[in-house]
Amino acid sequence: MDKSSALEYINQMFPNEVSLSGVEPLMQKIQNEIRTVDAGILAAVRQQSNSGTKAKEDLAAATRAVEELMYKIREIKTKAVQSETMVQEICRDIKKLDFAKKHITTTITALHRLTMLVSAVEQLQVMASKRQYREAAAQLEAVNQLCSHFEAYRDIPKIIELREKFKNIKQILKSHVFSDFSSLGTGKETEETNLLQQLSDACLVVDALEPSVREELVNNFCNRELTSYEQIFEGAELAKLDKTERRYAWIKRRMRSNEEIWKIFPSSWHVSYRLCILFCKKTRKQLEDILANLKEKPDVGTLLLALQRTLEFEDELAEKFGGGTQNREIGNEIEEIGKGNNSSSSALDIRKKYEKKLAAHQGGDSEEKDGSKDLAVPGAGFNFRGIVSSCFEPHLTVYVELEEKTLMESLEKLVQEETWDIEDGSQSNVLSSSMQVSSLVSL
């Protein structure tokens with residue numbers, strides 16, 4: 001407060017002399033306030049002095065706290081690194097345990113399947129020894145499936161042993177089946193009522209074995225069926241061209257009489273179809289030998305009749321197993337050729353039928369040569385046309401020779417019978433016999 005302000009304050013407090021009586025109390029009051037202020041200042045100074053010491057202590061405490069905090073941070077960081085390492089180790093252990101679990105599971109599964117395989121092989125061995133074919137067929141499928149699970153363990157001794165045992169059992173089954181099928185066709189099937197059912201069950205085993213077993217069995221059966229055929233028609237009595245029709249009668253009779261018995265074969269095997277193919281091939285071979293060994297040229301009538309019956313038979317097979325009827329039309333047309341004498345009409349018929357037959361077989365034979373297709377499925381490409389009848393082609397020149405001879409005889413007869421006269425009033429100088437000659441040549 002400046003001087004003027006102090007004067008104004010005093011004048012205001014003591015405006016007159018009367019008011020001076022209050023100077024003492026005011027002074028007392030001011031002194032009390034001064035003492036209070038001094039005491040406060042002294043206390044503040046003392047407090048400030050104490051605060052400086054405390055501040056130093058607080059600063060030291062704070063420094064210590066910061067150091068402890070840094071230590072704890074470093075400790076936490078170290079523990080974090082240790083924890084991370086521990087987590088990695090735990091994860092690595094977990095992976096190991098997971099792999100171990102998978103391996104254990106795989107091992108348990110493999111051992112379980114191995115146990116099943118051992119048991120299945122033993123059961124199959126018993127079934128094979130007892131010829132329980134139906135049960136053995138199902139067991140074969142089961143063993144094959146179990147064996148497929150052990151492809152990765154092929155070099156393990158136990159698996160090698162089981163596979164070898166399984167192979168031997170299959171060989172035993174094959175031997176039993178082939179032995180039982182050797183009875184088919186001997187008449188035992190009519191004596192033993194259970195034989196046909198047993199053979200039917202054996203077919204299930206064959207299907208469960210390798211495809212080569214089925215092929216071998218069917219081939220053996222067909223060859224065995226045709227053994228008697230070869231023996232019968234290779235004999236002196238029936239190995240003749242005029243007995244050709246009896247060949248086809250034999251196979252048709254054989255198929256008809258054994259139709260019920262042959263139902264034991266699954267339809268997918270097409271046994272009758274394959275039997276007919278083999279029959280045709282054997283028949284062709286025998287007919288080729290017969291024609292090649294003829295000392296003289298074949299009789300036209302006999303040759304044509306054999307050809308006609310052959311065409312009819314081929315047509316029946318084509319209809320039965322898939323194919324056309326072209327052979328039947330040709331066969332019907334040449335049926336009567338060769339039965340009459342050497343007339344001009346017979347010669348002309350021979351020419352027409354020979355040309356038709358040759359044109360037909362040029363198409364059919366080319367198919368057979370392209371693929372000696374012994375197809376196991378009917379209608380899949382095998383052509384029965386020409387399979388047997390084509391063997392007659394090299395010997396059909398007798399047609400031409402007979403035609404030439406007949407034509408020459410007809411011409412000679414016409415020339416001899418010609419009057420050489422021209423009808424009165426005719427507009428052309430044409431002999432009557434020339435029209436007949438023209439018609440003969442055109443045909």
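Buried here means under 20% relative accessible area, exposed means over 50%, and partly exposed lies in between, using a 1.4 Å probe on protein chains only. By that rule Cys203 is buried, with a relative accessible area of 1%, whereas Cys91 is partly exposed at 40%. This is a predicted model, where local features need pLDDT of at least 70 and side-chain atom pairs count only at pLDDT 80 or more, while totals for chains, interfaces and linings use all residues. Residues are numbered from 1 along each chain as its sequence is written, and side-chain values use heavy atoms, with hydrogens and water left out.

**Overall fold**

The protein chain has 14 helices and 0 strands; both are DSSP runs numbered from the N terminus, helices being H or I with at least four residues and strands E with at least two. Of its 443 residues, 31% count as buried. A search of the whole structure for disulfides, meaning pairs of cysteine sulfur atoms within 2.5 Å, finds 0.

**Aromatic pairs**

Rings of Phe, Tyr and Trp (its six-membered ring) pair if their centres lie within 6.5 Å; planes under 30 degrees apart count as stacked, over 60 as edge-to-face and the rest as tilted. The whole structure holds 14 aromatic pairs. Two of them are set out here.

| Pair | Centre to centre | Angle of planes | Type |
|---|---|---|---|
| Tyr248 and Phe313 | 4.5 Å | 15° | stacked |
| Tyr273 and Phe384 | 5.9 Å | 85° | edge-to-face |

Tyr248 in helix H8 and Phe313 in helix H10 are 65 residues apart, so this pair links distant parts of the chain. Tyr248 counts as buried at 3% relative accessibility, and Phe313 is buried with a relative accessible area of 3%. Tyr273 in helix H9 and Phe384, in the loop between helix H12 (344-370) and helix H13 (397-417), also link distant parts of the chain, 111 residues apart. Both Tyr273 and Phe384 are buried.

Which residues do ring pairs link into a cluster? They are Tyr229, Phe233, Tyr248, Trp250, Phe279 and Phe313.

A charge can also sit over a ring, which requires NZ of Lys or CZ of Arg within 6 Å of the ring centre and within 35 degrees of the ring normal. The charged end of Lys174 does this over the ring of Phe178, 5.6 Å from its centre.

**The largest pocket**

A pocket is an open set of points on a 1 Å grid over the protein atoms alone, where a 1.4 Å probe fits, with protein on both sides within 12 Å along at least five of seven lines; lining residues have an atom within 4 Å of a point. The largest pocket has a volume of about 500 Å³, volume being the space filled by probe spheres set on the points. Of the 21 residues that line this pocket, Met255, Glu259, Ser272, Lys320 and Phe321 are the closest to its centre. Helix H8 (244-257), helix H9 (271-292) and helix H10 (300-321) each give two or more residues to the lining, and H10 gives the most, with 5 residues.

**Two positive phi values**

Most residues other than glycine have a negative phi. Arg131 has a positive phi near 60°, and its place is in the loop between helix H2 (23-130) and helix H3 (133-148). His270 has a positive phi near 50° and lies in the loop between H8 and H9. Arg131 counts as partly exposed at 28% relative accessibility, and His270 counts as partly exposed at 23%.
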